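The tour begins at a single residue and then widens to the whole chain.

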Amino acid sequence: MIDISQSAQSHFRKLIEREAVPGMGVRLAARDPGTARADVRLEFAEPADLHGDEWAIDCEGFTLWLDAGSAPFLDGAQIDYTTQATGGQLQIRAPKIKGEAPAESASLVERVRWLIEHEINPQLAQHGGNVALQEITADGVVVLRFGGGCHGCGMADVTLKQGIEKTLLEKVPGVTAVRDATDHDSGAAPYIARGSA
């Protein structure tokens with residue numbers, strides 16, 4: 001389920017021995033799993049810190065406690081520790097932490113939402129913006145609402161046509177067009193004001 005290299009186990013064991021707390025182990029959990037914001041949290045845990053539903057993974061000299069709700073997202077994770085001239089580096093790779101893209105047999109709504117959450121919104125977030133799916137019409141037109149820095153932005157039309165629509169048409173079979181349902185005149189903090197674009 002989780003591959004913990006010998007060097008990582010040795011590193012954890014040394015740190016735990018320094019603490020000298022009976023039964024101390026390491027707890028691993030996924031934060032915001034299944035989303036583009038997903039990350040791992042690794043921390044020392046005493047027996048009193050445990051919730052009781054963690055999975056126990058026996059390592060050399062300590063136990064790695066895996067948060068039960070995180071298990072599907074951390075399946076196949078790899079933990080490694082490499083020693084370098086300037087110190088060491090702990091690496092955790094969790095290929096399933098952001099979830100898995102819906103199959104082509106999934107509904108059009110599921111496939112569009114996945115792409116918005118995992119590809120489009122992370123790019124828009126660089127400018128403080130986002131989009132939300134309002135509806136998908138029977139003929140495959142995706143209707144979106146812009147938010148954040150995109151709400152009222154003078155470049156929203158370009159973002160819609162050259163970025164979002166192009167991406168959805170290429171990657172989601174069944175999408176025929178993308179439309180904007182946002183009242184951009186009510187945008188309070190656009191990334192680029194409409195008059196200056």
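Leaving aside its neighbours within four places in sequence, with which residues is S5 in contact? Select I79, D80 and Y81: these are the residues that S5 touches, contact meaning heavy atoms within 4.5 Å. The model is predicted, so that local features need pLDDT of at least 70, side-chain atom pairs count only at pLDDT 80 or more, and totals for chains, interfaces and linings use all residues. Residues are numbered from 1 along each chain as its sequence is written, and side-chain values use heavy atoms, with hydrogens and water left out.

Next, display the side chains of S5 and D80, which make a polar contact at 2.7 Å. A polar contact is a pair of N or O atoms within 3.5 Å; within protein, one must be able to donate a hydrogen and the other to accept it, and residues adjacent in sequence count only if both atoms are side-chain atoms.

Helices (H or I, at least four residues) and strands (E, at least two) are DSSP runs, numbered from the N terminus. S5 counts as buried because its relative accessibility is 18%, buried being under 20% relative accessible area with a 1.4 Å probe, protein chains only.

Finally, select the whole chain, which has four helices and ten strands. Its C-alpha trace spans about 65 × 40 × 35 Å along the principal axes. Of its 197 residues, 38% count as buried.

Key
Buried means under 20% relative accessible area, exposed over 50%, partly exposed in between (1.4 Å probe, protein chains only).
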